[in-house]
Amino acid sequence: MAFHLCGHIYCFSILFSLFAIASPQLTSDCYETTCPQSLSIIRSAVISAVSKEHRMGASLLRLHFHDCFVNGCDASVLLDDTSTFTGEKSAGANVNSLRGFDVIDDIKTKVEAACPGVVSCADILAIAARDSVAALGGPSWNVGLGRRDSTTASKDAATKDIPSPLMDLSALISAFANKGFNTKEMVALSGAHTTGQAKCQFFRGRIYNETIIESNFATSLKSNCPSTGGDSNLSPLDVTTSVIFDNAYFTNLVKQKGLLHSDQQLFSGGSTDSMVTTYSNNPQSFYADFASAMVKMGNLSPLTGKSGEIRSNCHKAN
């Protein structure tokens, strides 16, 4: 029998791995007794933030993804640098790129006021990601809860583990496989790029040098992304419905209108072409697979039991 501390109570559960070893399990009703209002507080704050700026939905989703891919879903991505470690915020994939920290801080302040020391920053990230997708018109899913927060972070791990927008298909498959995802789950999770924006510096090489790109699409991007300069200029990852969570990302890939090199690699004559075609024709199939993959991602190596802590401030250890 395994257990974890969820707030101030023990949630008992049994979860056997393939090797029949018991390990802690997250539960969707973890805060039902200790902080029943937490889910509605988070949902309201996310809806408010996304209504003010639709891009924030993509940013909050990305925060959860970049957290979980580095040493598991432990809110390490939120930690500021200290004298003993350089945090993940300064890694190449995150620096001057990750955003939404202020929204998470606002949520944490409100949740702490309602029930101090109960809800972890890692759980807030997981719930906010789900609520962001729903707020943008996408699917919802049950979020397992009971994660605890790490007390340290690693720039090196973030640099190594977070997939690059310049990766080829084989590298993408490997990067996700290293975290336990199969190729289909990788394609489904890539569908998160149906919303949000990217900087010119990450797609310049694609629009000026690549051949698997629709010519008018490439031309339309060049005015906002010159061959030199304008590195921080933004363009939507989904050129058709950038503020709606739908399956247009995959439809765009079929038309050779993927913004990033890593996006178009999913439909470039390789093993994932058929998956992209399926999702472009069947949004419900994409929604179901995306939701399932997000549940799996949220279960990446969470700290439970007496590991970690419940941070009172998401930016620093207690």
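**Entry 1**

The model I am reading is a predicted one. Asn96 sits in the loop between H2 and H3. I looked up its backbone and found a positive phi of about 55°, although Asn96 is not a glycine.

I then turned to Ala75, which lies in the loop between H2 and H3. Its phi is near 65°, again a positive value in a residue other than glycine. Is Ala75 buried or exposed? I noted a relative accessible area of 0%, so Ala75 is buried.

**Entry 2. Ser90**

I next looked up Ser90, placed in the loop between H2 and helix H3 (101-114). Ser90 counts as partly exposed because its relative accessibility is 25%. Its side chain reaches the backbone oxygen of Gly87 at 3.2 Å. Setting aside residues up to four places away in sequence, I recorded that Ser90 touches Asp81, Val95 and Lys155. I also checked Ser90 against Thr159: the two are 69 residues apart along the chain, and their C-alpha atoms are separated by 9.2 Å.

In a separate check on charges over rings, I found Lys89 over the face of Phe101, at 4.5 Å from the ring centre.

**Entry 3. Asp123**

I moved to helix H4, where Asp123 lies. With a relative accessible area of 0%, Asp123 is buried. Which side chain does the side chain of Asp123 meet in a polar contact? I found that of Arg147, at 2.6 Å. Not counting residues up to four places away in sequence, Asp123 touches Tyr31, Gly144, Leu145, Gly146 and Arg147.

**Entry 4. Helix H7**

I examined H7 and found it mostly covered, with 6 of its 8 residues buried. The buried residues are Glu185, Met186, Val187, Ala188, Leu189 and Ser190. They pack against helix H6 (169-177), H10, H12 and H13. At the N-terminal end of H7 I noted a cap by Asn182, with a side-chain oxygen 3.1 Å from the backbone nitrogen of Lys184.

**Entry 5. Helix H13**

I then followed the packing to H13, which covers residues 283-298. This helix has 16 residues, and its reach from first C-alpha to last is 22 Å, close to the 22 Å expected at 1.5 Å a residue. The N-terminal end of H13 is capped by Asn282, with a side-chain oxygen 3.2 Å from the backbone nitrogen of Gln284.

Which residues of H13 are buried? I listed Ser285, Phe286, Tyr287, Phe290, Ala291, Ala293, Met294, Met297 and Gly298. I recalled that an α-helix has 3.6 residues a turn, so residues three or four places apart point the same way. The cover over the buried residues of H13 includes helix H2 (55-68), helix H4 (121-135), helix H7 (183-190), helix H10 (248-254) and helix H12 (273-281).

**Entry 6. Aromatic pairs**

I took Phe245 and Phe290 as a case: the ring centres are 5.0 Å apart and the planes stand at 55°, so the pair is tilted. This pair links distant parts of the chain, with Phe245 in the loop between strand E4 (234-236) and H10, and Phe290 in helix H13, 45 residues apart. Both Phe245 and Phe290 are buried. I also traced a cluster in which ring pairs link Trp141, Phe245, Tyr249, Phe250, Tyr279, Phe286, Tyr287 and Phe290.

**Entry 7. Nonpolar cores**

Finally, I looked up the nonpolar cores. The largest has 68 residues, and those with the most contacts inside it are Leu63, Leu78, Ile104, Leu266 and Phe290. H4 gives the most to this core, with 9 residues. Apart from this core I found another, of 12 residues, among them Phe203, Ile213, Phe217 and Leu221.

Which residues is Leu266 in contact with, leaving aside its neighbours within four places in sequence? I recorded Leu169, Leu172, Met186, Val187, Ser190, Tyr249, Leu253, Thr272, Asp273 and Val276.

Methods:
Residues numbered from 1 in each chain as written. Predicted model: local features only at pLDDT ≥ 70, side-chain atom pairs only at ≥ 80, totals over all residues. Heavy atoms only, no water. Helix = DSSP H or I, 4+ residues; strand = E, 2+ residues; numbered from the N terminus. Expected span 1.5 Å × (residues − 1). Buried < 20%, exposed > 50% of the residue type's maximum accessible area, 1.4 Å probe, protein only. Contact = heavy atoms within 4.5 Å. Polar contact = N/O pair within 3.5 Å; in protein donor to acceptor, adjacent residues only side chain to side chain. Phe/Tyr/Trp six-rings, centres within 6.5 Å; stacked < 30°, edge-to-face > 60°. Lys NZ or Arg CZ within 6 Å of the ring centre and 35° of its normal. Core = buried A, V, L, I, M, F, W, Y, C linked by side-chain atoms within 4.5 Å.
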